Structure formats: structure tokens, C-alpha cells
There are 2 protein chains.
Amino acid sequence: MAKGNGVERKSHAVQKGVSVMDLIFRILALIGTLGSAFAMATTNQRLPFFNSFTQFKARYRDIPAFIFFVAANGIVSAYLLLSLPFSFFHILRSSAQRTRLILMFFDMAMLVILTAGASAAAAIVYLAHIGNPNWNWFSFCRQFHSFCERSSGSLIGSFVAVIFMTLVIILAGVALARRPSIL
Amino acid sequence: MAKGNGVERKSHAVQKGVSVMDLIFRILALIGTLGSAFAMATTNQRLPFFNSFTQFKARYRDIPAFIFFVAANGIVSAYLLLSLPFSFFHILRSSAQRTRLILMFFDMAMLVILTAGASAAAAIVYLAHIGNPNWNWFSFCRQFHSFCERSSGSLIGSFVAVIFMTLVIILAGVALARRPSIL
């Protein structure tokens, strides 16, 4: 009986540790997505010369993939913010299973959205840097250097968030597998 | 006792149903990724005229995002093929928890790779269709119509596979939450 209690207490402590890490990873992922969304959305560059044909101006709104990137990061940021109270609740009630499972499904949906947004933007950023001579698409970064630097940098936050979201889901899997079923 | 047995038997049947669905979804995802990889990798188009400057030829290897797309689909196809025996084992031994958890983590990694490949390719396909007049990138599909059609079509299999992989992970979450812990 005493041994059983000891095991249970240890298991409880591990469960609590997992929940605290879940909260920390969510906050780090939130910082990443918020940073990415702001960095990309506020990027714009105007070149110091112009003519009547072209605008020599670069904004994220010119590129649908960048719009999707900002939207995806915004949606995931809002979700992560809303999920923090649940994550905090799991620290207090570390045996909660059902809310963990529900949260895990939403986490996964958000991970897919975030990965999609980050990859689409990365594909465009790559093209902007290197261009595609076969298709007569020339590098865009030669003219718009600061726009390019900034939009490339904004990818980092998103990919960091992808890593933390993956860790959050792995933690949820561990927490679900450790406790007896309530479903 | 009799009631307990009945509940256990019913739970066992549900668990077996979940395992069978897991196998079916994996096979469908495999068909999607294999189809995508082949469709994209075998796409090429040569225009019936040429000059000494340009090759008027389109292959998936010209576009890094398409190479990544083929690689991602290939990797996920190989993984899904290797995971089929485990999925089959889960039908026979539906109480297995540890292998389910391990498989679920790999599933998630593969889902992220597949989503990244499909989104990056989709961003390029969109540009190829619409172009980006602000950046002087002109639609590539006007000349290479069949290449464009085929590479756009090959995205479908990949996105269908993303949906089935998501369902596979949700099933694993349900199966893990239903059974008593063995970790």
C-alpha cells in the first residue's frame, strides 16, 4: 500500500512536470508566432526612385503566400493565447485526460496550419533570393534588400514555433499514455 | 463480473475497429503520397520550338520546392509502407500501447514533412498560374500548360494524404486515451 502510494506520488510529480513544460512551450511558441506575424506584417520597403510604370514598393500584401503566412501565424497566436488557461488548469488538475485529448487535436490542427504557412512563405523567400532563371523569374532581393532580409527573418519565429508545437503534442501523448483511461 | 467482461469485450471491439481504420487510412495515405511523387517526378514538357538561348523545357528539377515535394512524398511513402506491419500488429494485439505511442510520434513528424512539402509546392504552383506582376514574375503556365496542369494535379494526392495522416494520429490519440496506462 505504501509502495503504491509512493509510485502514485512520483507519477503525480512527473505529470505535473509535464504540464509545467507544456505551459512553457506554449508561451515560447506564442512568442515565435506573434513575432513572425508582426515582423512580416510591418515589412515594407519603398525604393528612392520611381517611374510612371512601376511602383518600386514592396509589401507583404503583394504575395499571397505572405498573406497566408501572416494569417496562419495570427490564427495560431490567438489559439495559443486561448489555450494557456487550459494548460494552466492541467498543472492544477494533472489527472485531467479529456481536456488534454481535445487540446491535443486542436494543437495538431494548428501545427498543420503553421507548417503550411511557414513552408509556403519559405518557398517564396527562396525564390526571391535565388530567382528561377529557367522561368525568367529574376531575384527580387537585389533591389529590395531590406524587405527580403526582414521577410526571411520572420520565418525563423514560425519554424521555432513549429518545433515547440511538436514538443507540446509529444508531451500530451506522454501524459495521455501515462494515466489510466477515463474515456 | 459478467458486466465487467461485457464492457471489456465491447472496449476490445472498439479498439479493434480503431486499429482496422488505422490500417485503411494508412493505405489510402500511401496511395496519395505515391501518386503525388510519381505524378510530379515524371512531369516534363518540351515546347515544339527552341532557340540557342533558352531550352523551352520544363522539368520538376528546375524548381527546388518541387524537388522537396517529391522527396517529402517519397520519404512519407516509404515510412507509411514500413508502418503497415505495425498497424497490422495493432489489429491483432489491440492493447499494445507503447508501439502505438512511438508510431504516433513518427506519424506526426511525417505529417509535418508532408504538409511542408505540399505547401511549398502549392505556393510555387500558385505563382506559376497567376505570376506576380509586382515583381515582374510572369505566369509560367501560359507556355507550359500541360506541365502546369500535371504539377497542380499532383498536389491533390499530397493534400489527401495530409488529411488521412491527421485522421491516423487522431485515431492513435483515441486508442491511447481509451486503454489503461502501461508506461
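Predicted model: local features only at pLDDT ≥ 70, side-chain atom pairs only at ≥ 80, totals over all residues.
Q: How many salt bridges does a search of the whole structure find over all chains?

A: Side chains of opposite charge can pair when their charged atoms come close. Here the search gives six salt bridges over all chains.

Q: Which residue forms a salt bridge with Asp62(A), and how far apart are the closest N and O atoms?

A: The partner is Arg59(A), with the closest N and O atoms 3.5 Å apart.

Q: Is Asp62(A) buried or exposed?

A: A residue is called buried when its relative accessible area is under 20%. Asp62(A) has a value of 13%, so this residue is buried. Arg59(A), at 27%, is partly exposed.

Q: What is found for Arg59(B) and Asp62(B)?

A: Their side chains also form a salt bridge, at 3.6 Å from N to O. Arg59(B) is partly exposed, with a relative accessible area of 27%, and Asp62(B) is buried, with 13%.

Q: Where do Asp22(B) and Arg26(B) lie?

A: Both belong to helix H1 of chain B, which covers residues 2–41. They are four residues apart, about one turn of the helix. A salt bridge joins Asp22(B) to Arg26(B), and their closest N and O atoms are 2.9 Å apart. Both residues are buried.

Q: Which residues of chain A are linked in a network of salt bridges?

A: The network links Asp22(A), Arg26(A) and Asp107(A).

Notes. Residues numbered from 1 in each chain as written. Chains lettered and ligands numbered in written order. Heavy atoms only, no water. Salt bridge = Lys/Arg side-chain N within 4 Å of Asp/Glu carboxyl O. Buried < 20%, exposed > 50% of the residue type's maximum accessible area, 1.4 Å probe, protein only. Helix = DSSP H or I, 4+ residues; strand = E, 2+ residues; numbered from the N terminus.
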